[in-house]
Amino acid sequence: MNLKKAYLFVFLILLIDQASKIYIKTNFYLNEQVKVFEWFRIYFVENEGMAWGAEIPGAYGKLFLTLFRIVAVGGISWWLNDSIKKGLSKYLTVAITLILAGAIGNIIDSVFYGVIFNDSYSQVATIFSNEPYGTWFHGEVVDMLYFPIIKDIPMPEWVPLIGGKPFTFFNAIFNIADVAISTGFGILIVFNKRCFKEA
């Protein structure tokens, strides 16, 4: 894969990611869901942008997270350029390309969504609203893909952490950018030897 193809791939993933997020944001109320199949739902949630909806506490936690991501994207871009110039494994360049696209996709939400959308709490959001819900670098990431493949299985009391509670697999709600990042890391792990073999 050459550099032009890699960045075209990044652009296509970003296009799909942002189109899906903007559609959900402008057509769904927060926490609204549509059952596509019993095991797949479109379920609109927003989060601060960390995995599993985790947050960095404090007034500047969100800003720190967004700035850290921007710096990380710079490093990932350098890694992609360097790998392609050195003619390293295609597995590696595809993995880096996916991770880069996903990271940029979620950064777009964090940087811009707070100032271009109003909130989704009691209404369907409007793009380019006169009453934005946040500020620059403080937008929330839009998630919508939910796969409760096994739902509400009662767990015995003796099971650590989840004992006595209903268990759902898979309980995470995510987006296209998250899929790209996870797939990229999956390639690095599963095809580790092929990714890092000498050219």
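Author: Start with a term: a polar contact is a pair of N or O atoms within 3.5 Å; within protein, one must be able to donate a hydrogen and the other to accept it, and residues adjacent in sequence count only if both atoms are side-chain atoms. This is a predicted model, where local features need pLDDT of at least 70, side-chain atom pairs count only at pLDDT 80 or more, and totals for chains, interfaces and linings use all residues. Residues are numbered from 1 along each chain as its sequence is written, and side-chain values use heavy atoms, with hydrogens and water left out.

Reader: Fine. What caps the N-terminal end of helix 3?

Author: Serine 89 does. One of its side-chain oxygens sits 3.0 Å from the backbone nitrogen of tyrosine 91. Helices here are DSSP runs of H or I, at least four residues; strands are runs of E, at least two; both are numbered from the N terminus.

Reader: How many residues does helix 3 have, and what does it span?

Author: It has 27 residues, 90–116. First C-alpha to last is 38 Å, close to the 39 Å expected at 1.5 Å a residue. The expected span is 1.5 Å times one less than the number of residues.

Reader: Where is the kink in helix 3?

Author: It is centred on serine 110, at about 35°. The bend at a residue is the angle between axes fitted to the seven residues ending there and the seven starting there.

Reader: Why is helix 3 called largely enclosed?

Author: Because 19 of its 27 residues are buried. Buried means under 20% relative accessible area, exposed over 50%, partly exposed in between (1.4 Å probe, protein chains only).

Reader: Aspartate 109 next. Buried or exposed?

Author: Buried, because its relative accessibility is 0%. Aspartate 109 belongs to helix 3.

Reader: Which side chain does aspartate 109 make a polar contact with?

Author: That of glutamine 18, at 3.2 Å. Beyond four places in sequence, the contacts of aspartate 109 (heavy atoms within 4.5 Å) include Lys21, Gly139 and Val142.

Reader: Switching topic. What pattern does the chain follow?

Author: α-β-β-α-α-β-β-β-β-α-α along the sequence. That is five helices and six strands. Buried residues make up 40% of the chain's 199.

Reader: And lysine 5: buried or exposed?

Author: Exposed, with a relative accessible area of 54%. Lysine 5 is in helix 1, residues 3–25.

Reader: How far apart are lysine 5 and glutamate 32?

Author: 27 residues in sequence, and 37 Å in space, C-alpha to C-alpha.
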